[in-house]
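Dear colleague,

Please find below the structure for your review. My findings follow it.

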Amino acid sequence: MEEDLALVRAVPDSFPEALVRGPRPHIDLDEARAQHGRYVRTLVDAGYAVDVIATDENHPDCPFVEDVAVVLEHVAVVTRPGAASRRGEAEPVAASLAAHRTLRRIEPPGTLDGGDVLTIGDQCFVGRSARSNADGIRQFARFAAEDGRATTPVDVSGVLHLKSAVSCLDDQTLLVGPGTVPETMFAGFTIIPKVESEIHLASTLRMRNGRLLMTANAPGTAERVASRGVGVDLIDMSEFQAVDGGLTCLSILLSN
């Protein structure tokens, strides 16, 4: 079977200055790099070919590659992040994606973070968050329609992005943080609620080998997911979680 591709971006020395919604945490840079290395090795073990994009010291958030592009089957949408300081992160990622997809771009005044886009089958759910505005969602919906996908805006509360609130375990099952989204927007899906105390900790990444990668500091939620027969692998990504990052944030996965 041909390898799928994962785009990742190395951790810069400036990473401790990454944006954070709350008080500035202490970041152990060496540990962050060790965790990122384990994350990349997990992707390789799952069958991905990994393309490591050069880091950028001027952009502390650059390891969070998911936010600057959304990859669909035929097109890749280069986003315009809601945080102005992050907009310079997009071009190196776009250059890598250009070899694999036709590029589309979100233009001003639209803003869109990739972390707000959850794609399930032919549906795209897009978070109305502090980082993604109505114009950005409207532009994205037009591009998604080129790819044969419908777009549904979803209000997000109490978390940074839609994918901070909702993650896809399979095409029928979602992991949802209670109170973060109107669950009626996901009618027809089976919903597994995160443990209340782990809403900001439980993060997942669905991989091509059928396994589910999950953050190690959400054991109660991991137990709920595993009890449904899902194969779960745990990983410590606490240094990235400290600056509001999750498992999907750190890679862009492309199917061949």
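The buried residues of helix H3 are Gly136, Ile137, Gln139, Phe140, Phe143 and Ala144. Viewed down the axis of H3, these residues fall within an arc of 160°, so they line one face of the helix. Please note that this is a predicted model.

Several strands contribute to covering the buried residues of H3, among them E3 (69–71), E4 (75–78), E5 (102–105), E6 (117–120), E7 (123–128) and E8 (150–155). H3 itself comprises 13 residues, 134–146. From its first C-alpha to its last it reaches 19 Å, close to the 18 Å expected at 1.5 Å a residue. At the N-terminal end, H3 is capped by Asn133, which places a side-chain oxygen 3.2 Å from the backbone nitrogen of Asp135. Just after the helix, Gly148 adopts a positive phi of about 80°.

I also examined an open sheet. Its three strands are arranged in the order E2-E1-E15, with mixed pairing. Strand E2 (48–53) and strand E15 (252–254) are the edge strands, each pairing on one side only. On average, and with direction ignored, neighbouring strands of this sheet are turned by 20° against each other. Strand E1 (residues 4–9) and E15 run antiparallel and are joined by three bridges; Ala6 stands opposite Leu253 of E15.

Lastly, Gln35 is located in helix H1 (residues 29–45). Gln35 counts as buried because its relative accessibility is 1%, buried meaning under 20%. Beyond its neighbours within four places in sequence, Gln35 contacts Asp236, Met237, Ser238, Glu239 and Phe240.

Yours sincerely

Technical notes:
Residues numbered from 1 in each chain as written. Predicted model: local features only at pLDDT ≥ 70, side-chain atom pairs only at ≥ 80, totals over all residues. Heavy atoms only, no water. Helix = DSSP H or I, 4+ residues; strand = E, 2+ residues; numbered from the N terminus. Buried < 20%, exposed > 50% of the residue type's maximum accessible area, 1.4 Å probe, protein only. Contact = heavy atoms within 4.5 Å. Pairing = 2+ DSSP bridges. Axes fitted to C-alpha atoms, helices over the stretch in contact; angles between N-to-C directions. Expected span 1.5 Å × (residues − 1). Arc of directions from axis to C-beta. Polar contact = N/O pair within 3.5 Å; in protein donor to acceptor, adjacent residues only side chain to side chain.
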